[in-house]
Amino acid sequence: MRTARLVLTRLAGIVFAILVIAVINFCLVRAAPGDPAMVIAGQSGSTDEKFLAQVRADYGLDQPYAVQLGTYLKKIVTLDLGYSFRQGRPVSDLILERLGPTLLLTLSAFFISLIGGVVFGALAGLRHGKITDLGISLAALVLYATPVFWLGLMLVLLFSIKLEWLPAFGYADMRAKTFGTVGYALDVLKHLILPALTLAAIYMAAYTRLMRAALIEVAAEDHVKTARAKGLSESAILRGHMLRNASLPVITFAGLQIGALVGGAVVVETVFSWPGLGRLTFDAVTARDYPVLLGLFLVMSILVIAVNLLTDLIHRLVDPRLAVR
Amino acid sequence: MKRRDFHKMLLGTGAALPFLDGLLNGAASAATPDGGLVTIIQPEPPILVLPLNQQTPTGTVGGKIYESLLTFDFDLTPQPQLATSWEVSEDGLTYTFHLVENAKWHDGEPFTAADVVFSCDVMLKEVHPRARANFDRCESITAPDDYTVVFQLKEPFAPFILAFEASSAPIAPKHVYEGTDYRNNPANDKPIGTGPFMLNEWARGSYIHLTAFEDYYVEGQPGLTEIYYKIVPDAASRSVALETGEANLAQWNDIEPFDVQRVAGLPNMELTTKGYEFFSPMAWYELNLRKEPLNDVRFRKAMMYLLDRNFIVDNIVFGLGQVATGPIATTTRFYDGDVPKYEKDVDKAIALLDEMGLAPDGDGVRVKLTYTIPPYGEVMTRIAEFFRQSMAEGGIEITLLSTDMAGWAQAISNWDYDISSNMLYQFGDPALGVARTYISSNIRKGVLFSNTEGYENPKVDELFAKAAVATSDEERQALYSEVQKILVDELPVLWTYEAQYPTIYDSSLKDLIVGATGANGNFAKAHWG
């Protein structure tokens, strides 16, 4: 009952938040200098007044701001994301076709980093001060400090150019559709390995450090000492009394991370030519493709809000104290 | 571990199915198995409908799908494409084109003179700024029969023949576009042209796949079965694509200048800088002549004397270009190198600055100016940094401002800058691609690539105007020679270098780069040797 009410108040808040975000987004994209007409002109190498006026009319930029905002909000309410005149396609199509590859990459990276980070962090935390801890902490620190594009390029250099094991970039082989379903899936998987590992590396380092620190802290707490005094086995203490507590900061961080991940990962997508939302966003920003940009912001804010809600629910499952309050 | 072992491990079994094995080993194959070409496109074009969009990458891909009446060889002599022959009347007012009679659109409809009239007289005038300027010169565009088109000019315009290059006047199908809202036509998703290749699939963000058009009007062409344009946004990855054989061709800015020699040196790779003659980009430092002290010719000369422009050619573009002598590129028609020269001479520069009364302050600074860096890649940033360093020698302090495409375009076209750099295509003739930067009638606020520096000289206006309508090449040469001398003496902009682009391709590709539009040509003749 309490949970149901919470969800309802949350939903009302979410609708309000989305509208506020939409208005802020609208103002934000228009605050940047230049407009789509300027960009197309700049990229075409020649232009004239008529052309600029045509593009501006297409985008509705010849209307007053209030009218533009009104049109935009009306479209949001009717779930119409609009049309990209630059690309000659509906925005929803542009976003939807990128959503699959984006989620594939970011979710793979998310789970690799989460699982790897928790395992390595727990190992380091349990062997606190020993050589295992030292090795893992050092590796995590180095990974954490590595620029992601450089790591990506080094992996390409090693696995694609020197060893020729994995493709250097792309989402699938151009002829992959002729390979059959299994062949296609395998081909995508093969293309996924390097970008997913690259993207996972830095987050894995963060999780490792977080998990290790949390575990060391929990180990020193009274309830763990009590459990040990009761004569529980070390593995029971670990499972029942330490891991659950230590995982709370990790879950919080994971919630933040997954929210950021749905927006894509522009650097990794660029290095590996991955057709994700990050690149679409980056291109839309530089091209001032307002409808695409606003559509992306809206979809991302909805996803982030949804993920936050989910994180809260998971928190309450892992930590019953939150539900009682 | 050997590659094969790894594959076995990857599959978790020693008994990999044959097709999986082939799949894993076939990743780095060069040409597509049935005679196609794999290349790179960057940035990804927004759309492929060339009549609606003339960005360079649109021209690269769209140039295979769309055609115009003519094509041009390396010295810009017209060659047949959709027109088999043509005549120009003695007075330079009437252009008559005879069209190929067996050409078809990609949807099977026949191509006729009606398509040409519709494109040049109606659609392009509405949507294509450059074509609009050219075809607005026509009194009438008519089709006396299905395979003849006559362009009647209001007054002679010497370079009119160059208006029939593919990106300048791409012919669009009348039956698809007539009476529609051109830019919102659903057909824009599936471009219909007469070119040797047609769009098969566009996986946005990944690749564009073109396949040979079987009903192409030239017997035995195209020589390639398909072309894949892979979208590779990262420069290092593009080099990797050529190295691993995942692509057979790179053009324009695909490969960073510093990496060109290394990539071109790979086995089986060939490098050419030919095939950009129609564009002949000229780069310069653009000055806002409305501002002090940039409006003083002595100051502009002083800046020129502070520049060692050879440094740009040797160390910034790594030999992909040559130092410019003036406004017209050597590869454009009517170039004249007999103009004043500016070699680096700091003493001369300082003398000019002293003469202007620009005394250095306590820190040795005479003038402070800003420089808006254009967002056209690393080279432009290096060129800006080089400028700042060079100017410091004369006590001119430059503050560099970074921006993106929209911000730069906004600043330059609204004259809200001190100094920037710019690079413009010349389209083969000074009347098409050079005059626009210097004639006062083209000072148009808000319009990029107009006379944005604000240069005004009635004599220059007159010479460019006369040269555009003169019909004899000797007369035009005399007029352009004179205008080049005046401009080089007055320095409305500081020309730096004529840019060249590297086309790097698999040496078994034959007849690939065959004319002045090179990699943006239609590739009908290209084939594997």
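Two residues are in contact, in these notes, if their C-beta atoms, placed from the backbone, lie within 7 Å. Helices (H or I, at least four residues) and strands (E, at least two) are DSSP runs, numbered from the N terminus.

**Ground rules.** I am working with a predicted model, where local features need pLDDT of at least 70, side-chain atom pairs count only at pLDDT 80 or more, and totals for chains, interfaces and linings use all residues. Residues are numbered from 1 along each chain as its sequence is written, and chains are lettered from A and ligands numbered from 1 in the order in which they are written.

**Chain B overall.** I found 16 helices and 21 strands in chain B. Its radius of gyration (over C-alpha atoms) is 25 Å, close to the 24 Å from the globule rule (2.2 Å times the number of residues to the power 0.38) for 529 residues, so chain B is as compact as a globular protein of that length. I also looked up burial: 53% of the 529 residues count as buried, meaning that 20 or more other C-beta atoms lie within 10 Å of a residue's own, with C-beta atoms placed from the backbone.

**Helix H8.** Which residues of H8(B) are buried? In this helix, residues 257-264, I noted Pro257(B), Val260(B) and Val263(B). Seen down the helix axis they fall within an arc of 95° (taken from the directions from the axis to the C-beta atoms), so they line one face of H8(B). They pack against H7, strand S12 (269-272), helix H12 (378-392) and strand S19 (503-506) of chain B.

**An open sheet.** Next I followed 4 strands of chain B in the order S4-S5-S7-S6, with antiparallel pairing; a pair needs at least two DSSP bridges. S4 (83-88) and S6 (138-145) stand at the edges with a single partner strand each, so one side of each has no neighbour in the sheet. S6(B) and S7(B) (148-153) are joined by 5 bridges, and Asp145(B) has Thr148(B) as its bridge partner. Helix H4 (113-127) of chain B packs on this sheet and touches S5 (94-99), S6 and S7. Its direction makes about 170° with that of S6(B), on axes fitted to C-alpha atoms (for helices over the stretch in contact), with angles from 0 to 180 degrees between N-to-C directions.

**The side facing chain A.** How many residues of chain B are in contact with chain A? I noted 49, against 50 residues of chain A. H13(B) gives the largest share of that side of chain B, 7 residues.

Conventions. Buried ≥ 20, exposed ≤ 12 C-beta atoms within 10 Å, placed from the backbone.
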